[in-house]
Amino acid sequence: MASHWILGPGAIGRLLAHSLAPIAATTLIGCRALPERQTFTTPEGEPRTLPLNVLTVTQLASETHKPPAFVHITTKAMAAEAALESLANAIPASTPLVLWQNGFLAQPRITQSWPGPVLCATTTDGAYLTGDDGVVHAGRGHTFVGDLNNQHGELTETLSQTLTQAGLAATQVADIRQRLWQKLAVNAAINPLVALHGVRNGELRREAYTGRVIALVKEVAAIMLAEGITPPNNGQGEEAWLALVWQVVENTANNKASMLQDVEANRPTERGAILGPLIESAQRHGLACEVLRGLDDELATLEKSFNR
């Protein structure tokens, strides 16, 4: 039985752990101790409580463990490289990594620095935490798996089959770079707004927010065109990007986005990994990004208030 280590017990990390645990040897790893009995609530509202194998990074370093088949890094983008460093001495350098980060910051860096295979996953499954012992699977989606250099097709196919068997529908793709940029576009149109306004994803359909969503998508669509990223679902231009955003808003209507969870917990957000690459691209291509910059400034101001 292939074993999976999941580094980062946040919402996606625990969703992954609960999903994989019935079919594979699964270990959830974090900086601090968590209850071994964890409650998973399905999208239909059904709670399921079961024990998970939960370890701290310190415990892992002090014990001898059989190397895992996969290490899933599910931390925030800005913490991914440090998290990997904390684990590096406990795993062979040939161990396949799976990066689940939002944005497009950690993926190219770790792909270049890690000797072994580095896979990237992008998902529209929604999840949020309900304390140290609970996670809610707020919306079913789809996960795409690939690697930036398209060199590990067999490995990504194995992983996608495992995820699908675990109840997280997944597909191996050769264009994961395109899909990561697409996910980045959607995250930029949803996460900052729900974080700033303190609402769940579905609330963005309200008249109070739709104008900001449309203005955001206009800037993002122009950046995607300049980067050579194909519009989603065989669509054309700005309309295709807006349709995708509204589709994700509807599919994850009850979801509490990760950036909103960060704000509620007075934690730094992933604005650098989500808005940063878009603003940098806009500057490089000489495109307007006033809306994106404004959101980044608003989030920066909000984060500064956390320390007061």
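Modeller: Let us begin with the elements: helices (H or I, at least four residues) and strands (E, at least two) are DSSP runs, numbered from the N terminus. Threonine 122, for instance, is found in strand β8, which covers residues 118-123. The model is predicted, with local features requiring pLDDT of at least 70 and side-chain atom pairs pLDDT 80 or more, while totals for chains, interfaces and linings use all residues. Residues are numbered from 1 along each chain as its sequence is written, and side-chain values use heavy atoms, with hydrogens and water left out.

Colleague: Does threonine 122 count as buried or exposed, and which residues does threonine 122 touch?

Modeller: Buried means under 20% relative accessible area, exposed over 50%, and partly exposed in between, with a 1.4 Å probe and protein chains only. Threonine 122 has 7% relative accessibility and therefore counts as buried. Contact means heavy atoms within 4.5 Å. Not counting residues up to four places away in sequence, threonine 122 touches His142, Thr143, Phe144, Ile176, Arg179, Leu180 and Lys183.

Colleague: How is a sheet read, and in what order do the 4 strands of the open sheet stand?

Modeller: Two strands pair if DSSP finds at least two bridges between them. Here the order is β4-β3-β10-β9, in an open sheet of mixed pairing. The edges are taken by β4 (47-51) and β9 (126-129); each has a single partner strand, so one side of each is left without a neighbour in the sheet. From one strand to the next, the twist averages 25°.

Colleague: In which sense do β3 and β10 pair, and in which sense do β9 and β10 pair?

Modeller: Strand β3 (residues 37-41) and strand β10 (residues 134-139) are parallel, with 3 bridges, whereas β9 and β10 are antiparallel, with 4 bridges. Phenylalanine 40 stands opposite valine 135 in β10, and threonine 41 has valine 136 in β10 as its bridge partner.

Colleague: Which strands does helix α1 lie across?

Modeller: For such geometry, axes are lines fitted to C-alpha atoms, for helices over the stretch in contact, and angles run from 0 to 180 degrees between N-to-C directions. Helix α1 (residues 11-20) lies across β3, β4, β9 and β10 and runs at about 90° to β10. In α1, 9 of its 10 residues are buried, including Arg14 and His18. Leucine 16 lies in this helix and counts as buried because its relative accessibility is 1%. Leaving aside neighbours within four places in sequence, leucine 16 is in contact with Ile6, His72, Thr74, Trp100, Leu163 and Leu168. Leucine 16 and histidine 72 are 56 residues apart in sequence, yet 9.0 Å apart in space, C-alpha to C-alpha.

Colleague: Which residues touch the most other members of the largest nonpolar core?

Modeller: A nonpolar core is a set of buried Ala, Val, Leu, Ile, Met, Phe, Trp, Tyr and Cys residues joined through side-chain atoms within 4.5 Å. Of the 48 residues in the largest core, Leu204, Met224, Leu278 and Leu292 touch the most other members. The largest share of this core, 12 residues, comes from α6. Apart from it lies another core of 24 residues, among them Leu20, Leu28, Leu159 and Ala166.

Colleague: At what angle do α6 and α10 pack?

Modeller: The angle is about 115°, with the axes of α6 and α10 9 Å apart. That makes α6 roughly perpendicular to α10; angles under 35 degrees count as roughly parallel, over 145 as roughly antiparallel, 65 to 115 as roughly perpendicular and the rest as oblique. Residues that meet in this pair include Trp181 and Leu184 in α6, and Ile274 and Leu278 in α10.

Colleague: Where is asparagine 234 placed, and what is its phi?

Modeller: Asparagine 234 sits in the loop between α7 and α8, with a positive phi near 60° in a residue other than glycine. Asparagine 234 counts as exposed because its relative accessibility is 79%. Asparagine 266, in the loop between α9 and α10, has a positive phi near 55° and is partly exposed, with a relative accessible area of 48%.
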